[in-house]
Number of protein chains: 4
Amino acid sequence: MHPTFTHPIDVRYLEVDQQGVVFNMWYLAYFDDALTAFLAHRGVPYREMMERGFDVQLVNTDITWRRGVGWGDDVGVAVSTARMGTTSFVLDFSVRVEAQECVTGRTVYVVIATDGSGKRSIPDFLREALDPVEPLLGPVG
Amino acid sequence: MHPTFTHPIDVRYLEVDQQGVVFNMWYLAYFDDALTAFLAHRGVPYREMMERGFDVQLVNTDITWRRGVGWGDDVGVAVSTARMGTTSFVLDFSVRVEAQECVTGRTVYVVIATDGSGKRSIPDFLREALDPVEPLLGPVG
Amino acid sequence: MHPTFTHPIDVRYLEVDQQGVVFNMWYLAYFDDALTAFLAHRGVPYREMMERGFDVQLVNTDITWRRGVGWGDDVGVAVSTARMGTTSFVLDFSVRVEAQECVTGRTVYVVIATDGSGKRSIPDFLREALDPVEPLLGPVG
Amino acid sequence: MHPTFTHPIDVRYLEVDQQGVVFNMWYLAYFDDALTAFLAHRGVPYREMMERGFDVQLVNTDITWRRGVGWGDDVGVAVSTARMGTTSFVLDFSVRVEAQECVTGRTVYVVIATDGSGKRSIPDFLREALDPVEPLLGPVG
């Protein structure tokens with residue numbers, strides 16, 4: 001069992017609002033960055049996936065904010081596969097500052113063809129990259 | 001019973017990504033704009049609420065994407081109160097293009113004091129503004 | 001002589017940084033919104049311009065910040081044509097809060113073909129829309 | 001003479017617009033990131049500077065776009081001091097993709113006190129960090 005992949009985040013000054021914490025929408029930017037880094041780390045650079053005719057589309061996300069994150073904080077986003085279906089998969093994200101969990105997200109993606117023809121079964125090379133299924137945020141409902 | 005409040009959105013060119021649709025994170029910006037407009041429409045300008053010592057903080061959001069929204073589309077965000085608790089409340093958002101529902105969000109807010117002392121009961125003036133409870137997205141679980 | 005066109009801006013909470021003022025990059029978003037509104041006001045909706053085979057590309061901008069703009073401020077961006085050349089034109093922008101000039105920008109655009117074939121002479125319909133030349137920020141150097 | 005400091009940029013998918021290139025405003029985000037990294041590299045972490053009572057404020061920027069930058073491009077921002085005055089200084093930025101200059105910016109900053117009392121002379125520790133003056137974009141006018 002490999003340790004949880006963690007993507008480091010450099011919080012931008014502009015992402016921090018008047019209350020001194022990262023504004024909520026930027027976590028979706030962090031999750032998007034973390035998805036790309038996670039797939040690349042598992043051997044599937046995003047561009048290569050698209051060249052092979054596949055893309056992924058976000059269909060649902062559920063985010064919980066527990067603590068704010070500030071400028072200059074040492075931030076990492078842990079990523080893990082929470083479920084794999086036929087055409088869709090679920091990733092868990094945990095935004096941490098020095099081991100403290102601040103924000104969590106569970107996101108459902110569907111695999112689509114880049115030619116606009118719609119949903120596709122998860123191809124084998126992506127299935128292998130997403131394996132194993134190890135939810136960070138409890139069982140998938 | 002009053003009709004559902006709808007906040008118009010001018011999609012910015014910069015919010016549309018390479019796939020020709022609004023990138024996912026901007027919906028959280030739209031919801032934030034819609035919250036502010038909704039409260040103002042119900043007689044609670046955000047600044048006034050803060051001057052009275054109250055602020056609201058996002059603690060959870062659940063967003064579902066059904067269809068993309070493009071630049072130049074005629075976009076509105078319908079907003080309605082889905083639940084009121086003691087210190088927290090839930091809003092439902094529905095992003096529509098010409099009556100077609102594209103993206104929905106259900107968001108939980110907690111009322112806090114602006115002096116940093118933490119959670120507060122929903123004050124009467126805010127409770128009246130949020131009333132009535134009319135979920136857009138089905139019953140609150 | 002018609003009065004200077006002014007595009008109203010709703011500052012988003014997320015655009016305001018820890019210092020309580022709009023972060024610098026968002027002014028380029030405001031200018032982009034103002035360009036689109038200015039052209040539409042002069043009878044050239046952006047989409048229509050593109051359908052006729054023309055687009056405009058930003059090649060240079062010069063921005064000066066004099067005063068910060070805050071959340072809830074009553075903001076307008078005045079727009080005026082500062083110069084017209086053969087393939088390029090210059091717009092002046094002035095971001096004002098209740099008649100006070102806060103931020104100014106002078107931006108050079110080049111007209112390009114939407115088919116990727118490069119620069120084009122400013123077409124007549126666009127030339128008429130941009131007319132008259134009335135710089136807001138002094139003569140063009 | 002030390003080589004020009006270069007700050008690497010990971011272009012985010014969301015920063016790329018419908019034309020397949022980074023939307024103009026994000027370059028101001030890149031310059032802000034590069035400023036922070038440049039100062040840290042020269043021994044002045046931004047937070048430390050603020051704790052010593054000093055901040056810097058952007059008063060003018062002049063940006064020229066020559067070529068678009070795309071998602072996945074190997075991007076770096078070269079940074080160099082172009083001028084030092086009494087209370088203000090000028091930085092030159094050059095955004096490069098594999099040695100090709102795509103976008104350049106020249107930005108004027110003024111040093112201010114963090115206590116709101118206004119402009120300050122550039123303190124010695126910052127003057128040393130900004131030294132030497134080596135413009136990237138030609139002499140300062």
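**Entry 1: ground rules**

I count two residues as in contact if their C-beta atoms, placed from the backbone, lie within 7 Å. The model is predicted, so I take local features only at pLDDT of at least 70 and side-chain atom pairs only at pLDDT 80 or more, while totals for chains, interfaces and linings use all residues. Residues are numbered from 1 along each chain as its sequence is written, and chains are lettered from A and ligands numbered from 1 in the order in which they are written.

**Entry 2: chain D against chain A**

I looked up this contact under that rule. Chain D puts in eight residues, and chain A puts in eight residues. Which element of chain D gives the most to the side that touches chain A? I found that α1(D) does, with three residues. For element names I use DSSP runs numbered from the N terminus: helices are H or I of at least four residues, strands are E of at least two.

I then sorted the side of chain D that touches chain A by class. I got three nonpolar, one polar and four charged residues. Nonpolar here covers Ala, Val, Leu, Ile, Met, Phe, Trp, Tyr, Cys and Pro; charged covers Asp, Glu, Lys and Arg; the others, Gly among them, are polar.

Next I checked how the copies relate. Chain D superposes on chain A by a rotation of 180° with 0.0 Å of shift along the axis, at RMSD 0.0 Å. That is the relation of a two-fold axis. The same surface serves both copies, as 100% of the contact residues of chain D recur in chain A. In chain D, the residue that comes closest to the rotation axis is D:D10, with its C-alpha at 5.3 Å.

**Entry 3: chain B against chain A**

Twelve residues of chain B are in contact with 13 residues of chain A. On the chain B side, α1 (26–41) and β2 (54–65) each supply at least two residues. β2(B) gives the most, with eight residues. By class, I list seven nonpolar, four polar and one charged residues on that side.

Strand β2 (residues 54–65) of chain A and β2(B) run antiparallel, joined by five bridges. I call two strands paired if DSSP finds at least two bridges between them. Which residue of β2(B) is the bridge partner of A:T61? I noted B:I63.

Chain B also superposes on chain A by a rotation of 180°, with 0.0 Å of shift along the axis and RMSD 0.0 Å. The C-alpha of chain B nearest that axis belongs to B:D62, 2.2 Å away. The copies meet through the same surface, because 100% of the interface residues of chain B are also interface residues in chain A.

**Entry 4: the sheet of chains A and B**

I traced an open sheet of ten strands with antiparallel pairing, in the order β1(A)-β3(A)-β4(A)-β5(A)-β2(A)-β2(B)-β5(B)-β4(B)-β3(B)-β1(B). Its edge strands are β1 (5–9) of chain A and β1 (5–9) of chain B, each pairing on one side only. From one strand to the next, the twist averages 30°.

Within chain A, strands β4 (residues 88–97) and β5 (residues 100–113) pair antiparallel over ten bridges. I marked A:V110 in β5(A) as the bridge partner of A:S88. Helix α1 (residues 26–41) of chain A packs on the sheet and touches β1, β2, β3 (75–84), β4 and β5 of chain A, at about 130° to β1(A). In chain B, α1(B) lies across β1, β2, β3, β4 and β5, at about 130° to β1(B).

**Entry 5: the sheet of chains C and D**

I found ten strands in an open antiparallel sheet, ordered β1(C)-β3(C)-β4(C)-β5(C)-β2(C)-β2(D)-β5(D)-β4(D)-β3(D)-β1(D). The edges are β1 (5–9) of chain C and β1 (5–9) of chain D.

In chain D, β4 (residues 88–97) and β5 (residues 100–113) pair antiparallel over ten bridges. I noted D:Y109 as the bridge partner of D:F89.

**Entry 6: D:R127**

I looked up one residue in helix α3 (residues 124–130) of chain D, D:R127. Is D:R127 buried, exposed or partly exposed? It counts as partly exposed, because it has 14 C-beta neighbours inside 10 Å. My cut-offs are 20 or more other C-beta atoms within 10 Å for buried, 12 or fewer for exposed, and in between for partly exposed, with C-beta atoms placed from the backbone.

Leaving aside neighbours within four places in sequence, D:R127 is in contact with D:M84 and D:I122.

How values were computed: Copies are superposed by least squares on the C-alpha atoms of residues with pLDDT of at least 70 in both. Axes are lines fitted to C-alpha atoms, for helices over the stretch in contact, and angles run from 0 to 180 degrees between N-to-C directions.
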